[in-house]
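These are my notebook entries on a structure that I looked through region by region. Each entry records what I looked up and what I found.

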Amino acid sequence: MRIEYEIKLGFKDVMIRPKRSTLKSRSEVNLERTFKFLHSPLVWSGIPIMAANMDTVGTFEMANALANKQLFTAIHKHYTVADWNAFSANLPQSYTNYVAISTGISQQDSIKLAEIIKYNPQFKFICIDVANGYSEYFADFVKQTREKYPDKVIIAGNVVTGEMVEELLLSGADIVKVGIGPGSVCTTRVKTGVGYPQLSAIIECADAAHGLGGQIISDGGCAIPGDIAKAFGAGADFVMLGGMLAGHNESGGQTIEKDGKTYRQFYGMSSATAMEKHVGGVAEYRASEGKTVEVPYRGAVESTLQDILGGLRSTCTYVGAQRLKELTKRTTFIRVAEQENTVYSK
């Protein structure tokens, strides 16, 4: 047993200090980024915000809405091969740059992934997703997937420490997903005591990834547009959103009417709801590590995207970053004990 005494920080622990800026308007800010990858020869351009691969967020409908604005969607892994074929038949070719095929690490998952790619080779991204990315088997699966698909961009996670980011990149991942426990419907920290405050995880993992020429995704913990800006300021290359994109027309989840109001169901992928839906229940050797909640219905996702992108452009103007790429170089975090005035929060 050992104790690390250095404080680790989450999004609520800091704010971004404003700096002198030559920008006249938010309209001058360019949020598009271009990335080259450590292993894949692909060059990608777009706005590096992602919908999470949850079946109440990462849907085909969400992918169409986000790709239209050059944003990314990691499609959840529970669609069938036939579903993928039907989706791709009507998808504009350019949209395939903004979609990842998600997979687990079982033999059946590997077979299904191969089938999807066989019929839909135009998709360029694979997201290998597990809750705990620290097992040797996971790193071996990443390596096998790289050998099988040398031209694809491979996303792998989740982890929260620099040494495991390096391990996954050296095993064949191009992008590593960072986050254990910060999500709004994740209870891993409560059930296991394991986790890492997200801002510190981003800072440490980005440093490790960039040293090898890889990228990271900040996955989880963003509750407001300002958190997304903080994630980019801390060094994240991509930011993945779950709860912020739930409750829309394009989101999955059952629609619920209650007291004259409309809600949509949103749940973690390790929740009892998800496991009962997809694998017949919670196995006797494990516990549910996710919540099921009802999110107020929010209509089309476009208005939420405008709020997110507008907030991010505003952050850039406050610190003088004309391009999103410059934001981390222009960011100084200050430790705080408060974030906002909540007198009229209700």
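**Entry 1. The largest cavity**

I looked up which elements line the largest cavity, and found that strand S6 (99-103) and helix H3 (107-119) each supply at least two residues of the lining. I take helices (H or I, at least four residues) and strands (E, at least two) as DSSP runs, numbered from the N terminus. The largest share of this lining, four residues, comes from H3. I noted the lining residues as Lys77, Ser102, Thr103, Gly104, Asp109, Lys112, Leu113 and Ile116. They divide into two nonpolar, three polar and three charged. In this count Ala, Val, Leu, Ile, Met, Phe, Trp, Tyr, Cys and Pro are nonpolar, Asp, Glu, Lys and Arg are charged, and the others, Gly among them, are polar.

The largest cavity holds about 50 Å³ of space, and the structure has one cavity of 30 Å³ or more. The search runs on a 1 Å grid over the protein atoms alone: a cavity is a set of points where a 1.4 Å probe fits but cannot get out, a pocket is an open set with protein on both sides within 12 Å along at least five of seven lines, and lining residues have an atom within 4 Å of a point. Grid points are joined across faces, edges and corners, and a volume is the space filled by probe spheres set on the points.

I record the basis here: the model is predicted, local features need pLDDT of at least 70, side-chain atom pairs count only at pLDDT 80 or more, and totals for chains, interfaces and linings use all residues. Residues are numbered from 1 along each chain as its sequence is written, and side-chain values use heavy atoms, with hydrogens and water left out.

**Entry 2. The second largest pocket and helix H8**

I next looked up the second largest pocket, which has about 510 Å³ of space. Of its 20 lining residues, Ile224, Gly226, Asp227, Lys230 and Gln339 are the closest to its centre. Strand S1 (14-16), helix H8 (225-234) and helix H10 (302-319) each give at least two residues to the lining. By class, I found ten nonpolar, five polar and five charged residues there.

H8 is mostly covered, with eight of its ten residues buried. Buried means under 20% relative accessible area, exposed over 50%, and partly exposed in between (1.4 Å probe, protein chains only). Among the buried residues of H8 are Asp227, Lys230, Ala231 and Phe232. Gly235 follows H8 and has a positive phi, near 120 degrees.

**Entry 3. Pro121**

Is Pro121 buried or exposed? At 52% relative accessibility, Pro121 counts as exposed. I located Pro121 in the loop between H3 and strand S7 (125-129). The C-alpha atoms of Pro121 and Ala231 are separated by 32 Å, and the two residues are 110 apart along the chain.

**Entry 4. Aromatic pairs**

A search of the whole structure gave 13 aromatic pairs. Rings of Phe, Tyr and Trp (its six-membered ring) pair if their centres lie within 6.5 Å; planes under 30 degrees apart count as stacked, over 60 as edge-to-face and the rest as tilted. Phe60 and Tyr79 are stacked, at 3.8 Å centre to centre and 10 degrees between the planes. Phe60 lies in helix H1 (residues 60-67) and Tyr79 in the loop between strand S5 (72-75) and helix H2 (81-89), so the pair ties together parts that are 19 residues apart in sequence. Phe60 is buried at a relative accessible area of 9%, and Tyr79 is buried at 14%.

The rings of Phe60 and Phe87 are also paired: their centres are 4.1 Å apart and their planes at 10 degrees, so this pair is stacked. The pair links H1 with H2 across 27 residues, and both Phe60 and Phe87 are buried. Elsewhere, ring pairs link Phe35, Phe37, Trp44, Phe72, Tyr98, Phe125 and Phe238 into a cluster.

**Entry 5. Strands**

In S5, Phe72 and Ala74 point one way and Thr73 and Ile75 the other, and all are buried. Strand S4 (residues 49-51) is joined to S5 by two bridges and runs parallel to S5; two strands pair if DSSP finds at least two bridges between them. The bridge partner of Ala51 in S5 is Thr73.

I also looked up an open sheet of three strands, in the order S12-S13-S14 with antiparallel pairing. Strand S12 (255-258) and strand S14 (292-296) stand at the edges with a single partner strand each, so one side of each is left without a neighbour in the sheet. Four bridges join S12 to strand S13 (residues 261-267), and Glu257 stands opposite Thr262 in S13.
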